Amino acid sequence: MMDLKLAPSFSVIALNAQRSLHMTTVKKVSLRCMAAAVILELYLEGCFTQSENKLTLPKAGFDQAHSTLYRETVLQPLLHKHAEVKDDLNWWIKKASMLSNKQLKKFETAISDYLKAMDLLEDIPSLLGSDMYFDTAEVEVRAYRSNMEAYSSITENIRAEILEEGSVTDEVICMLWLLRECGCMHDFFSLNEIEKVNIKLHDLYQSNLWAKALFPIQIRHGIELGIKRFLELKTKFAKTFIGSSINLLFPALERSRAVFIETESWFDNSNQRLDAVITRLVSYGHEVKVMERGSIATLKIDNLLYDAIPHFVMMKVPIQGVRLVPKRPL
């Protein structure tokens, strides 16, 4: 797998399963974190000139040596007409995360085109569009699907560095912060692992200078208040200040929609019913792998895991099918 820079690497995770045609709230949160990842990428590559706690980025030097379209769409609104801009890390990250909706859309197009050119991202029919109600209403819902090999490689590397003993690279520290801020921790770590992640974040904050500078920065917006009541039920996994935001579940809430896939025939055999559903999903362009069969099967569909639960919908006649429910960690 090719060696990716930080922003494209995080974008492979953040864009997977996001709707491609609409600016949903969840995608907006991901895009704001992806824009912040551009600043972190430039910082790790030494593109800033640092004096005490101030970071300076000269416009001319950037244009000549470090320009890519996805970087330009983030930096142009920040640099504007100035020859150079100087401020601390907190300012740079927060300004990048506060791009307007129009600017976020330009950034989304730039970063998605960048990934598509390397065959790391594609636009496919959304799994939600396969739901019986969406399908019969002929509602088109499309989504991004990340390259499965790249997706697995990136997520497994993050998990290995955070859960195993040993040092953690600056890039993975950035990834952990980005996952924390966009609320994706539960997609990749079980509830038991979340507590270990929280401890590791705290230890890194105490011992690593880069983590000490980055972890206190928060770019979350007022939308988090909408799930405050939910978060209050899960506070036991957030025992430190640094880990206090890892329970944010924007993508989890969006992707938690159960999808009902009906079968065209009535099956008494659960394996036949499951095979019929898989055939239908594949016909819509999805990549499906059976991880476990049984009364409740486990399927991997386009990088994400689902429980496939036999289900009936009562219309004028009962309709047989399978209810796909997201399973975590993914």
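## Cavity lining

In this predicted model, helix H15 (270–283) and strand S9 (304–314) each supply at least two residues of the lining of the second largest cavity. H15 gives the most to that lining, with four residues. The residues that line the second largest cavity are Ser270, Asn271, Arg273, Leu274, Gly294, Ser295, Ala297, Ala308, Pro310 and Val322.

The volume of the second largest cavity is about 80 Å³. The structure holds two cavities of 30 Å³ or more.

## Overall make-up

The protein chain contains 15 helices and 10 strands. Of its 330 residues, 49% count as buried. The chain exposes about 15,600 Å², and carbon and sulfur atoms supply 51% of this area.

When contacts between residues at least 6 apart in sequence are considered, 68% join residues at least 24 apart.

In soluble globular proteins, nonpolar side chains tend to be buried together. Here the largest nonpolar core has 87 residues, and those with the most contacts inside it are Phe10, Trp92, Ile93, Trp177, Leu214 and Leu324. Helix H2 gives the most to this core, with 11 residues.

Leaving aside residues up to four places away in sequence, Phe10 touches Ser30, Cys33, Met34, Ala37, Met175, Leu178, Leu179 and Cys182.

## Helix H5

Trp92 and Ile93 also belong to helix H5 (residues 89–96), where they are buried along with Leu89 and Ala96. These four residues lie on the same side of H5, because they cover an arc of only 90° around the axis. An α-helix has 3.6 residues a turn, so residues three or four places apart point the same way.

The partners of the buried H5 residues include both helices and strands: they pack against helix H2 (25–44), helix H4 (69–79), helix H9 (170–182) and helix H12 (209–214), and against strand S2 (54–58) and strand S3 (84–87).

## Positive phi angles

Glu52 is not a glycine, yet its phi is positive, near 55°. Glu52 is found in the loop between strand S1 (49–51) and S2. Its relative accessibility is 75%, so Glu52 counts as exposed.

Asp302, also not a glycine, has a positive phi of about 50°. Asp302 lies in the loop between strand S8 (297–301) and S9. Is Asp302 buried or exposed? Asp302 is buried, because its relative accessible area is 9%, and buried means under 20%.

Key:
Residues numbered from 1 in each chain as written. Predicted model: local features only at pLDDT ≥ 70, side-chain atom pairs only at ≥ 80, totals over all residues. Heavy atoms only, no water. Buried < 20%, exposed > 50% of the residue type's maximum accessible area, 1.4 Å probe, protein only. Arc of directions from axis to C-beta. Contact = heavy atoms within 4.5 Å. Areas by Shrake-Rupley, 256 points an atom, 1.4 Å probe, with all protein chains shown as cover. Core = buried A, V, L, I, M, F, W, Y, C linked by side-chain atoms within 4.5 Å. 1 Å grid on protein atoms, 1.4 Å probe; cavity = no way out; pocket = protein on both sides within 12 Å on 5 of 7 lines; lining within 4 Å. Points joined across faces, edges and corners; volume = space filled by probe spheres on them.
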